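Reader: I would like to learn how to read charged side-chain pairs in a model. Could we work through them one by one?

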Amino acid sequence: MDTGILLLRLLVGLLVAGHGVQKVSRHLGGEGLDGGTREFRRDGFRGGALTALAAGGGQIGSGLFLAAGLLTPLAATGVIGVMTVALTVKWHNGLWVQHDGYEYPLVLIGTAAALTATGPGAWSLDAALGLTPHPLWWTVPVLAAGTGSGLLTRLVLHRRPALGD
């Protein structure tokens, strides 16, 4: 079981971190901070470069922590938060990814919640530091805090359409 959890943590954590790298640099196919800023503005967010830096930094940090199995509930909260924002951006396209839907962010949210429920496994920094096991009930506050922070971010930073739009 620990091998499966390790593989899942590495896959999801490194993909989330890589997605963040794309938001703020030209690495991994990113368009640099200017590209990240344009993406957020195109998606209706205000804040420009600061928004792209915060989102990219949140994705890099939470993704790397999740991959390492370090402070797993906090890392999962961060992943759920940024992916909740992504889900809200894609919501109007429906579920399926082939129509730019929210399928992928939903899978990442579910995986982060599942890793909170199972714990990071024996091959994690949490285990090495004696920070495990995480109680199963932590899954509920992690989901609530992650989803709540993502929805609050959307509420605060998303521009409202002008009347008549």
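Reader: Is Arg-38 buried, partly exposed or exposed, and what is its relative accessible area?

Author: Please keep in mind throughout that this is a predicted model. Arg-38 is partly exposed, with a relative accessible area of 45%, and its side chain meets that of Glu-31 in a salt bridge, at 3.4 Å from N to O. Glu-31 counts as partly exposed as well, at 47% relative accessibility.

Reader: What is the general idea behind such a pair, and how many salt bridges does the structure hold?

Author: Side chains of opposite charge can pair when their charged atoms come close. In this structure there are three salt bridges.

Reader: Which parts of the chain does the salt bridge between Glu-39 and Lys-23 tie together?

Author: The side chains of these two residues, Glu-39 and Lys-23, meet at 3.3 Å, N to O. Glu-39 belongs to helix α2 (residues 32-42) and Lys-23 to helix α1 (residues 2-24), so the pair ties together parts that are 16 residues apart in sequence. As for accessibility, Lys-23 counts as buried at 6%, because buried means under 20% relative accessible area, whereas Glu-39, at 26%, is partly exposed.

Reader: Where in the chain do Asp-100 and Lys-90 lie?

Author: Asp-100 forms a salt bridge with Lys-90, and their closest N and O atoms are 2.6 Å apart. This pair links distant parts of the chain, ten residues apart, with Asp-100 in the loop between α4 (72-90) and α5 (103-118) and Lys-90 in helix α4. Asp-100 is partly exposed at 41% relative accessibility, and Lys-90 is partly exposed with a relative accessible area of 23%.

Note on methods
Residues are numbered from 1 along each chain as its sequence is written. This is a predicted model: local features need pLDDT of at least 70, side-chain atom pairs count only at pLDDT 80 or more; totals for chains, interfaces and linings use all residues. Side-chain values use heavy atoms; hydrogens and water are left out. A salt bridge is a side-chain nitrogen of Lys or Arg within 4 Å of a carboxyl oxygen of Asp or Glu. Helices (H or I, at least four residues) and strands (E, at least two) are DSSP runs, numbered from the N terminus. Buried means under 20% relative accessible area, exposed over 50%, partly exposed in between (1.4 Å probe, protein chains only).
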